[in-house]
Amino acid sequence: MDFQVVVLAGGASKELSPLVSNEVPKALLPVANRPVLSYVLDLLESSNLKDLIIVVEGSDAALRVGGWISSAYHDRLRVQVAQVPEDVGTAGALRLVANRLTASDILVVSGDLISDVPPGAVAAIHRRHDAVVTSLLCTSPISGPSETGSSGGKDKMKKQGRYNIIGLDPTRQFLLLAAAGTDVEKDIRVQRSILRAVGQMEIRADLMDAHLYAFKRNVLQEVLDKKDTFQSIRQDVLPYLVKSQLRSEISANGAPLSKDGLNENMASQNGQAWLSQQRIGAPSCFHEAYASVPNGSTAEPGRIHKCCAYIASKDKYCARLNSIQAYCDINRDVIGEASHLSGYSFSAQNNIILPSAQLGSKTTVGPQCMLDEGSHLGDKCSVKRSVIGRHCRIGSNVKIVNSIVMNHVTIEDGCLVQGSIICSNVYLQERVVLKDCQVGAGFVVTSGSEYKAESLSKKEKSPSH
Amino acid sequence: MTQRKGGGGSRVSDAVSAEDMARVPLQAVLLADSFAQKFRPITLERPKVLLPLVNVPMINYALAWLESAGVEEVFVFCCAHAKQVIDYLEKSQWLSQPSFSVTTIESHDCISAGDALREIYDRSVIRGDFILMSGDTVSNMSLTQALQEHRDRRKKDVLAVMTMVIKQSTPNSLTHHTRLGEDELLMAIDPETKQLLYYEDKSDDSKGILTLDKSLLVDSTAIRMHNDKQDCYIDICSPEVLSLFKDNFDYQHLRRHFVKGLLVDDVMGYKIFTHEIQSTYAARVDNFRSYDTISKDIIQRWTYPFVPDIQFFGNCPIVKLERQGLYRAPEIIQSHSTRIHPFSLVGNATIIGNNSTILNSVIGHGCSIGHNVSIKGCFIWDNVTIEDDCKLDYAIVCDGAYIKAGAVLEAGVILSFKVLVGQQVVVPAYSKVSLLPQPTKQDSDEELEYADGSSGIMENQPIASMIGVDDEDHTFDISDAQFCGISEVGSSGAGHIWSSCEGGLEEEWKQSIAPIPVNKLMEFSLRLHADTELFNQADSIPQTSGEKHPDSESADSDEDDEVKDFEKEVEATFLRAVDEVPGVDKDNIILEVNSLRLSYNLSFAECAGALYHSMVQLALRRPHSNNSELLNNMDNVIRQWKGLLKHYLHSVDEEIEVILKFEEICQESAREFSSLFSLVLNKLYENDVITEDAIISWATEKGGADESDKIFVKQSEPFIQWLKEAEEEDSDEE
């Protein structure tokens, strides 16, 4: 397939603080003990999309991501790692790598996508309709926020009140409306001309933009070039293309359909012929009907482009790791309901305990848990629905529920960890109680302390009560 | 089931209980008046429902359908030309059907469908769900399913008051927009429940963007926008609909006021649902174009069994269907050289001369058509005489008209009753010719015009025998300057050519009987799409994510303005109550304030704030010369009205709101109080309006504020201190 893939891997995202840092950029954040980026790369590889540009924000992050890729994928994928400054936005990042794009179609995917929707299917739809953009839409993730039980953080869920507002044609193939950014919270604005052309539009609020787009290269380059204020793909580029689909401003030869052919037809037609053509019936696609607007003196004949949507079926998993809450949910899903994504084989108890992990006596590891190599659990411990990374040392009488423990963590006797995320190299002294907390890398929690719904990290001094 | 929120006549609603519904016969309200004037000038002389549609007065289609659909009782509401309608019905057999009762209701002061329904409400004849339609509707749909859906919904939700019948329009957008000559219709429907969420029938072309309220997507995850449906103007209504019209006396138009009113009103929560018919027919004769379209649909038998060769009502004319959709009455005198093309209908006792051609036309009874006449796409009603060598294209010729030899009617001409067109005269396209002069008084309110026209200008003008008036110098009653017809319909003609109606020439082609010229169609098609450009111009620089949205600020200030408005209204209400009746009941004020609260959608806290504001204003208005008198006034006001204020103080939050409001007042509107702040606060406390909890938490809340914000806290410091100590003492005692 002549597709080039741009993976927007982000940098040290602030929303995920304290989990990410310069040492652990977002792309390398472990999900079930694998960097989150590996999920996207495996997914692309499975669709035989092997020509990649990975865009990373910040030089430190780029170095680390590049290092990891070259060790993990050097023989499997053709990868270039591009470094861009922080805060340029998704469109800005694309603009900076635009000159490296050569294939006729470009697949842009966010590096934090965890999904099993084949990108090849999206690419196929894109090609079939000769669309300028095709967007992957998912029904809301399997695990809603309600069933998680743990709140994870203070303000994460509030922002996600609604998903995107998406308008679709009756066949659900074409994208007719894409409300962006703050528009989502406002009243819905529908373009009459598009509604007239289609006749029927379905407006949905239950679809999530999965941040996987296929673009026509020359259209993408032209838009990025002309509209230099565009910062975000989702909030600027996509809505712009959707809005202007019936009055395309794209001049490049990427203007789809046999536009020239149509024009010649139009010019030679007199009114009667046009009328009879109108009466033949509905064309297969409203765009074509629209394009056959008479060649009047005032308006140019309709120049159009198509925006398509690929709606993933309900049984597919699709989530984006863009908040701490999402991080908890995704980890739980990957070793739970969506376990096929993790790439591990589960034991009869529905959990994963690598052979090199050691368990003390009377220690139980429940279903939907993962215990990675070299980790050691003391006696009478209990682990439920949690992920424990490599080479952790965990004492006796420790309870870990609904939590994620990364690598090289030391947990002393009698600790209780619930709904929390413990980053690498953290040291929990005896009888620490953590509920719904995030502990940044290398932090030391003194013995006997109790925290609830707090974010602990090295930079701040020990947070005051 | 009997629970009602609409208020008004309870007797009707009693009938709604589930058991009763089964017993109530199915009723229908047939509005025998369109409350519009699109069929002028014809409707000046005859009501629209009696105009022949394929040689059968329209009302018969509606009545026949209602009978076949299982309706048992019909109330025909007659308004304009009521006498003609009643006379017609009395002569027909409709009033003597065994299981189908037709009752006429006559009214002369109704000027809109809303008035008609209010009148029907007053007569309390409707006992259960009923069908509401106008007498110009043609349909053959089955009501069973729609009715069942409506009743099932009603059992679950009493607020589902109406089911509207809609139909998929033709797939081609151009045909869809021009077929019935109606305005574009935009609807939003919930795909699951079929609830109607948005309705817009007069779209404003200048706006390229349609804005839907975001709250529509709160309850459902998807809504479907339709531009491809047509409204059949057949509604299944619950009795509440009538009382809603009664309650909202300003509702006039069924769609523009009632449907929209219900959709925007989120307080009552009444719901409208839609029922889409798939393969059956329903359409309303709204204008000349739909008259033409529906006539052709009838001839092409889409409306079966209501087609010309079936006697679907009592004294239906007998017509036989011949090959290729040609209908002919038995007694036609026709020359051998006459050519009648398919999809035409010729009525009884009509005489057609040599070499005449009739194409796609409907010709009534007793017409006389000369030689070499060409009739194309016309509707010739009864007893029309057309002399030799005439050429008629796409015209409506009403009863008794006389077209002299060699005359030409261009496309879209309407000849009203007994008009006389002189020899060799060419009547220009889209002319409307009538013996009656065009009413000069143009009322701006469209709803009222019909009434004006029918009452002001010679209704039921005695039908002067015009057949004989064909002498050269005939004199007409009105032969003054206003009578401009002579030159226009020929020296021997009689009739006024009306200037184009309110739609203007622009729209003439759209609603005319004549087919739309190709260039107009192209223009129209272009115009439909043109607004994209407007949109793009206005919006060519989309807001980038980085920019601050200017809207967000203005929205905030809007909200502020609303609160201010609300305050003003509450104050006005309060002061009015105080002024008018000295011992006014606080319940009345509460009632009024509550309704204000609902209409502004505000919280109790804001009510409390606004009321307190009003009380301060009252104290200020009472005469005072110094601060102590002012304090005294305030004390009195608080004593008198504390009950009212307390009604809104449900929790500490609202009490704090009152204190904050007081602070604001002291700083802004009534600085006189600023020195009295702590004293008034003390009074509020003494009168149990504000609790110590509220005062203390207010003080703590203010603890972190700017110095300038803390003036009043400081001023009240001793009082607060005292409160705290008192509290401690209390707890000590315990």
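Modeller: Helix 9 (residues 240-247) of chain B packs against helix 10 (residues 254-264) of chain B at an angle of about 100°, and their axes are 12 Å apart. Axes here are lines fitted to C-alpha atoms, for helices over the stretch in contact, with angles running from 0 to 180 degrees between N-to-C directions. Helices (H or I, at least four residues) and strands (E, at least two) are DSSP runs, numbered from the N terminus. Helix 9 and helix 10 of chain B are therefore roughly perpendicular to each other; angles under 35 degrees count as roughly parallel, over 145 as roughly antiparallel, 65 to 115 as roughly perpendicular and the rest as oblique. Helix 9 of chain B contributes B:Val241, B:Leu244 and B:Phe245 to the contact, and helix 10 of chain B contributes B:Leu254, B:Phe258 and B:Leu262, where contact means heavy atoms within 4.5 Å. These residues divide into six nonpolar, no polar and no charged. In this division Ala, Val, Leu, Ile, Met, Phe, Trp, Tyr, Cys and Pro count as nonpolar, Asp, Glu, Lys and Arg as charged, and the others, Gly among them, as polar.

The model is predicted: local features need pLDDT of at least 70, and side-chain atom pairs count only at pLDDT 80 or more, whereas totals for chains, interfaces and linings use all residues. Residues are numbered from 1 along each chain as its sequence is written, chains are lettered from A and ligands numbered from 1 in the order in which they are written, and side-chain values use heavy atoms, with hydrogens and water left out.

Helix 1 (residues 36-46) of chain A and helix 2 (residues 59-73) of chain A pack at about 45°, with axes 12 Å apart. Helix 1 and helix 2 of chain A are therefore oblique to each other. On the helix 1 side of chain A, A:Leu37, A:Ser38, A:Leu41, A:Asp42 and A:Glu45 meet A:Val65, A:Trp68, A:Ile69 and A:Tyr73 of helix 2. The residues of this contact divide into six nonpolar, one polar and two charged.

Chain A as a whole has 11 helices and 33 strands. Of its 465 residues, 57% are buried (buried means under 20% relative accessible area, exposed over 50%, partly exposed in between, with a 1.4 Å probe and protein chains only).

Some loops hold backbone details. In chain A, the peptide bond from A:Ser17 to A:Pro18 is cis, with omega near 5°, and A:Pro18 lies in the loop between strand 1 (3-10) and strand 2 (30-31). In chain B, a cis peptide bond joins B:Tyr304 and B:Pro305, with omega about 5°; B:Pro305 is placed in the loop between helix 11 (288-299) and strand 16 (320-322).

A:Arg172 is not a glycine, yet has a positive phi of about 60°. A:Arg172 sits in the loop between strand 9 (164-168) and strand 10 (175-178) of chain A and is partly exposed, at 37% relative accessible area. B:Asn55, also not a glycine, has a positive phi of about 65°. The loop between strand 2 (52-53) and strand 3 (56-57) of chain B holds B:Asn55, which is buried at 9% relative accessible area.

B:Ile111 is in the loop between strand 5 (101-106) and helix 5 (113-123) of chain B. B:Ile111 counts as partly exposed at 23% relative accessibility. B:Ile111 and B:Ala36 are 75 residues apart in sequence and 9.3 Å apart in space, C-alpha to C-alpha.
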